[in-house]
Amino acid sequence: MGTENNKGYPKFPARPAPSSSPYASAPPPGIPPPSGGPPTGSDAVGFRPFPPSASQPIRPFTPSGPPPAPQVGAMRPAQPSPFVSQIPGSRPPPPSSNSFPSTAYGPPPPPPPPPGAAPFQRFPSPPFPTTQNPPPQGPPQTLAGHFSPPMSLRPQQQPMAPVTMGPPPQSTTSGLPGANASPSPADFNMAARPGFQQSMPPVTPSYPGVGGSQPSFPGYPSKQVSQPPPMPFQSSQGPPGPPPVSSYPPHTGGFAQRPNIVAQQNLHPSYAPPTSNVQGLVEDFNSLSLASIPGSMEPGLDHRSFPRPLDGDVEPNSFAEMYPMNCHSRYLRLTTSAIPNSQSLASRWHLPLGAVVCPLAETPEGEEVPLIDFGSTGIIRCRRCRTYVNPYVTFTDSGRKWRCNICSMLNDVPGEYFSHLDANGRRMDMDQRPELTKGSVEIIAPTEYMVRPPMPPIYFFLIDVSISATKSGMLEVVAQTIKSCLDNLPGYPRTQIGFITYDSTLHFYNMKSSLSQPQMMVVTDLDDIFLPLPDDLLVNLSESRTVVEAFLDSLPMMFQDNVNVESAFGPALRAAFMVMNQLGGKLLIFQNSLPSLGAGRLKLRGDDPRVYGTDKEYALRVAEDPFYKQMAADCTKFQIGINVYAFSDKYTDIASLGTLAKYTGGQVYYYPGFQSSVHGDKLRHELARDLTRETAWEAVMRIRCGKGIRFTSYHGNFMLRSTDLLALPAVDCDKAYAMQLSLEETLLTTQTVYFQVALLYTASCGERRIRVHTSVAPVVADLGEMYRQADTGSIVSLYARLAIEKSMSAKLDDARNAIQQKIVKALKEYRNLHAVQHRLGSRLIYPETLKFLPLYGLAIIKSTPLQGGPADASLDERCAAGFTMMALPVKKLLKLLYPNLIRVDEWLLKPSADHDDLRDVSNRLPLAAESLDSRGLYIYDDGFRLVLWFGRMLSPDIAKNLLGNDFAAELSRVTFQEQGNGMSKKLMSLVKKLRENDPSYHPMCFLVRQGEQPREGFLLLRHLIEDQMGGSSGYVDWILQLQRQIQQN
Amino acid sequence: MVKMTLIARVTDGLPLAEGLDDGRDLPDSDMYKQQVKALFKNLSRGQNDASRMSVETGPYIFHYIIEGRVCYLTMCDRSYPKKLAFQYLEDLKNEFERVNGPNIETAARPYAFIKFDTFIQKTKKLYQDTRTQRNISKLNDELYEVHQIMTRNVQEVLGVGEKLDQVSEMSSRLTLESREYADKAKDLNRQALIRKWAPVAIVLGVVFLLFWVKTKLW
């Protein structure tokens, strides 16, 4: 162990030594150990701070004592005292997190303890007068079970390490079998352990018996005060054990290894130790009491207490603290930040193991990714695995060599990059080199990374001008929007632009800069497409600006009398491909009807109800004609990214059209039944966003990871060029990609695994760049730890993608069942982990980190692509939503799955003049019909739509103020606009704010009044996912269903 | 007809700009680009110092001019008038120096002046057709003398570099080997000396020893 620790330690040189914080705290009254030494923790319990135990006088937390054990000697020297020095500044010791860092990193024993003198501290024994429960002697688990130790104890009582308090612990035998040599803990835990064991003399007999409460512990008087539980959802069932008098604080969800420590569900909800920050205190697991027989609602079954993500997505941040040099979680989120160390462990983890990557995620102001130019040095990369230099590489040999963190290869440092190392082995120039301190950097690529000069941004428009397009007003909106965006297209002055329109024929436009008006050329031969002009179909925008503007001005007029109903989509696509294949670029397709002529002609599908429910059902959701996949593959090859805008109110076979977007890294926008008066704003905003957002061109992305693991499958909109290279012709901040990994070796021997995402792309300004995100996660040997580090957001994101993919090859039912099965399996495994020691009865238990998983699982099942049967959503809607969800970043997906529902009428009535106090309305409500009060006004926001729900009994004043004189009319005909009074302004500002929160889509505003069927059902009620509707279960039923399946063996 | 155009810095061969859709319709454009890159590399090593040169390659011909440490190179059909090609390069040079002049030395990344490609594109079109009035008049214009410009073959040009490399490598090898030879010779000398005198020394040693023993014993 000792060696392991030594080995591991140098790897994290920059990390503040958090572990040391405990020692920094004020020295407690040190008392030489009288009787029984402090319990040496089994690995599990050892360093977790214990609540003062009644029977146990001594608090053994300090690792300060010189270890009597032989290992100790070995490891001591290796662990230098420098830690101590770091202590003060490194990090304020939040008590709750103490245990975590210390265990994780194996804090070296405090600096200069002479082996002979054991400096460990103990608490005065007298303070524990009562033992309420004679504790069973024995396995730590039980002990643990009874307690969740308050974290705060430690810091307060922790003595200053260097202070020698007394003789070294006399007894080294630990009462807990295997305590000294426990094989299984997570790696870093192991490393830490030796120190601890040494320092704490185990007291066998007395130790386990901590059952009761100690009223007054010198250090913490306030402990007794129970506070409102941090975690609202605790079981209401009685405690299995004797109820402890005092409340035990929940333990931290940190890294302490405690496979067997389980917090009792019946813990007194809370107890926040005085000094602790509450958020650090997290239950080991939560449980829902479901004692009732399915169907009957017993009092124990309080669905109001079910977990709901009303605070939105919570990003896992424990790792951001632990590894400050990791890239931000907005770029890379692992499904669990603890990688299993063996295949068998991985197979017991039934949740997906992988990551969600959003390489270009928008950064908040001031956090831009630093741009680095290596100049003539060339980019520093590992010779063997091609990893880019990152904060986790280590420099050795006085700075002449560096060791790759991913493959451990020793590389030479080029002369220009050489820098001396200081005493700690850090490079002297660390501060000037962002690539050595930041997890996310952008590197300017030299010529070797270019197969051709950087391409200019290219936008090509393929516009359907058949009768439906002109009638719906789409053409006009599109022309206006493009024109208004011309100034904001990225990449001036190199930007190129071109147009083709089509109905039953193709129309090309010569926009040569010397012309004053564009020339239109019509090609009617659809079977043998040719370009009427070699050049000038794709022109430089800055040169041909006037021609382009003239064209856009006249476009709606040109076709306003068009009565052509045909759509030669396939040939038009081919023509566009021929124009673009020299340079690539972005192709925007505006399609209004089912492609009916030439190659790629599509048939009406999906109107045969008999197909549904059979094994052939899935065929409706995939492209029928191989033409589309072939075109998509060709386009990707030539760096053409396709975005599809579909407008028809009839069937347009989005499944086929969307294929184009799917394999070219694009996106599908669907506006069913487009009417410019209704959807105009939405189209305008979304098209403008599509045209003006920062885009990365001709990109490829690869994610590398350490030896022994491998990314095996990728999910999202892209084309795989080789086994692990994602080709992304055009990528932007609104696209995320998910991937799953698997273990190649049966046992991982490293302590950490590194991940590096590299995106090589051409920026709009013509620079070729590489964006590199690096992240690290520890390897663990314990399933419980994996659960503790799980990230619901990315798990849900992966699940959603898997389910949608499954729906492309199987029945919807199967896809839904698959999700359910996966959740059941995961929770069952978790239950097995804990059920042995506890009488869980009919409680559903789940880790704190996954408390929302069941709900999100339900939401996935009820999401548009997967919900219900053929009648619940049209085929096109399903497919469009599917394509969209495949590309959504985690946060947006979670919002779509569990939308915001907020009540606003009270807020509107409040007289405050300040429009910015939107915090008052951030109160999210559960998505159930019972949240809706008929006297209220509610906003439902899923990021794609805003629904304003007017209760039937809503005060007419409000309605009148908001809607003007139409307030009594049918709301489907009312347009929502500002009425010129304060209340209306306030609401509009709220709507605007909601829209600005997430600019990637423009949520349309719908108004609906309670009881206005069927609109109400369609717009809102159907999306209240906690309710039961048409054959699908509500939240309560769902939980019961899960529970039933979990208990079946 | 101009097929492709590249602008690079001579000092280190860093590409600065390139025509936009160069190599369109050209089956082996990649091969020619490789040749151009090799040529730039040669130039950056200080060879081929002629500031104007034509280099034949297959059915095409490279023309380049070097001015202000920047090399302007274009690839044309062999039939394309040399005069026009150099006129074209002159035009590019003038504009490039006007726009980017001060920044050329400090450019650090490849294609730092990629924005220039729009101008290349535009100018190229002017020179595309040799029969336009403008171009014919240029052809007839005797002001610009292109006859002295040397024409060589690409193999030769690229070969020169290789040969020079070979020679320098050979000479360095020679130095190395001669040094080795000297060392060895010295070593041999010493060995010969030892071989020659060792027996004598041994005999003498034995004799002296005997003498010494004798004196001691007696």
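The expected span of a helix is 1.5 Å times one less than its number of residues. Keep that rule in hand for this predicted model.

**Chain A**

Helix 15 of chain A covers residues 569-580, twelve residues in total. By the rule it should span 16 Å, and its end C-alpha atoms are 16 Å apart, so the two values agree. Is helix 15 of chain A mostly covered or mostly open? It is mostly covered, with ten of its twelve residues buried. Among the buried residues are Phe569(A), Leu573(A), Phe577(A) and Met580(A).

Further along, UniProt places a "domain: Gelsolin-like" feature at residues 925-989 of chain A, in an unreviewed entry. That stretch is 25% helix and 17% strand. Its end C-alpha atoms are 21 Å apart.

**Chain B**

Chain B holds an open sheet of six strands in the order 2-1-5-4-3-6, with mixed pairing. Strand 2 and strand 6 of chain B are the edges, as each pairs on one side only. From one strand to the next, the twist averages 20°.

Strand 3 and strand 4 of chain B run antiparallel, joined by six bridges. Val55(B) stands opposite Phe62(B), which belongs to strand 4 of chain B.

| Helix of chain B | Angle and partner strand |
|---|---|
| Helix 3 (residues 117-128) | about 140° with strand 1 of chain B |

Asp165(B) sits in helix 5 (residues 154-217) of chain B. Its relative accessibility is 34%, so Asp165(B) counts as partly exposed. Asp165(B) and Val70(B) lie 95 residues apart in sequence. In space, C-alpha to C-alpha, Asp165(B) and Val70(B) are 24 Å apart.

Conventions:
Residues numbered from 1 in each chain as written. Chains lettered and ligands numbered in written order. Predicted model: local features only at pLDDT ≥ 70, side-chain atom pairs only at ≥ 80, totals over all residues. Heavy atoms only, no water. UniProt positions renumbered as here; feature names shortened; annotations may be inferred. Helix = DSSP H or I, 4+ residues; strand = E, 2+ residues; numbered from the N terminus. Buried < 20%, exposed > 50% of the residue type's maximum accessible area, 1.4 Å probe, protein only. Pairing = 2+ DSSP bridges. Axes fitted to C-alpha atoms, helices over the stretch in contact; angles between N-to-C directions. Contact = heavy atoms within 4.5 Å.
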